[in-house]
Amino acid sequence: ITAMKQQEQILISLIKQSFFGIREEIPLEGDWNAVLHEAQQQTVVGLAAAVLPEGIPQEAYSKWRIAEYQQLAQQVRYWDAQDQLHSLLTANGISYAILKGASAAMLYPSPFRRAMGDIDFLVLPEQFVQTKEILLANGYAPEGEPSYRHIGFSRNGISFELHQQFSYSDLDMEERLLSGLTHAELQTVDGHPFYSLPPIENGLVLLGHLWDHLHTGVGLRQVIDWMLYVYQYLDEEAWNSGFSVQAEKLGLKKLAVHPTHMCWMYLGLPSSQPWYDKADEELCSELFAKVLHDGNFGRKKSNLHL
């Protein structure tokens, strides 16, 4: 990997400490405004702010705290909006599962520090039209142009994506996901209920999301979602007993291996497991450089084939 800029090095050190308690020497005289800008580009302000060291310049410290509180306030609005959606769908007998979002945040030590964008949810194809009508009748306004994957809505400043499928035109995992949807699991995060796909299907969604953003811009948030899924679920036994087979069927096995090894190399993921310890480290370094270069959803366009 090419030499990291100081603000990138500091941000990575904060993330390693945030998740795994790894403490590295951090220069207090660094450009903390630049570190904040980097964290904003990667949408990881809440994660880094949780372990902000004492002694940084007061002006920068104040900017960090303002950015942190703004993000946390937005997350309160997000979770409240999801609560309302959950109540509406369950009251009408709609089977659904949150894609990414809360289904990724629940893997975090502090779920509310995971930045949210819109609320993506998958419903059974036979309930798609009914769900659309229910949303329209309850104050959810159409937003954007419908796609083959989803229809967008907006309510009280929060965007929603009602998915009739998660899969992309060149990555079809729908049969597996719809099978998982019939066994969706009720989760609760600090009193907020929602349905998520079972662990294997949830992991495939996070991996598929990472795959998609390799084309459009992959950032730390997508990588961290995957890393925390691996940390919680994918030990050697879980990998060999099911996940690797599904990933290989979808052509995603190489993708699963290399970002995971990259997280072990650069982000502090503890203990390399045999299933990913033979990854091509040059490719992992190239991938990490891309993550730093792109930022969340891609600050610049670049392409890396895995």
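Why does I26 count as buried?

The structure is a predicted model, in which local features need pLDDT of at least 70 and side-chain atom pairs count only at pLDDT 80 or more, whereas totals for chains, interfaces and linings use all residues. Residues are numbered from 1 along each chain as its sequence is written, and side-chain values use heavy atoms, with hydrogens and water left out.

**View 1. I26 lies in the loop between α1 (6-20) and α2 (32-41).** Helices (H or I, at least four residues) and strands (E, at least two) are DSSP runs, numbered from the N terminus. I26 counts as buried because its relative accessibility is 16%; buried means under 20% relative accessible area, exposed over 50%, and partly exposed in between (1.4 Å probe, protein chains only). Leaving aside neighbours within four places in sequence, I26 is in contact with I10, S13, L14 and W32, where contact means heavy atoms within 4.5 Å.

**View 2. K100 is located in the loop between β1 (96-99) and α5 (101-105).** With a relative accessibility of 12%, K100 counts as buried. Not counting residues up to four places away in sequence, K100 touches D120, V205, L206 and H209.

**View 3. Strands β6 (residues 185-189) and β7 pair in the antiparallel sense.** Five bridges join β6 and β7; two strands pair if DSSP finds at least two bridges between them. Y195 of β7 is the bridge partner of L186. The two strands form a hairpin with two residues between them, and D190 in the turn has a positive phi of about 50°. In β7 (residues 192-196), H192, F194 and S196 make up a covered face, while P193 and Y195 make up an uncovered one.

**View 4. Helix α9 (residues 220-233) is mostly covered.** Eleven of the 14 residues of α9 are buried, including R221, D225 and W226. From first C-alpha to last, α9 reaches 20 Å, close to the 20 Å expected at 1.5 Å a residue; the expected span is 1.5 Å times one less than the number of residues.

**View 5. Helices α10 (residues 236-249) and α11 (residues 253-266) pack at an angle of about 120°.** Their axes are 7 Å apart; axes are lines fitted to C-alpha atoms, for helices over the stretch in contact, and angles run from 0 to 180 degrees between N-to-C directions. W239, A247 and E248 of α10 meet K253, A256 and V257 of α11 in this contact.
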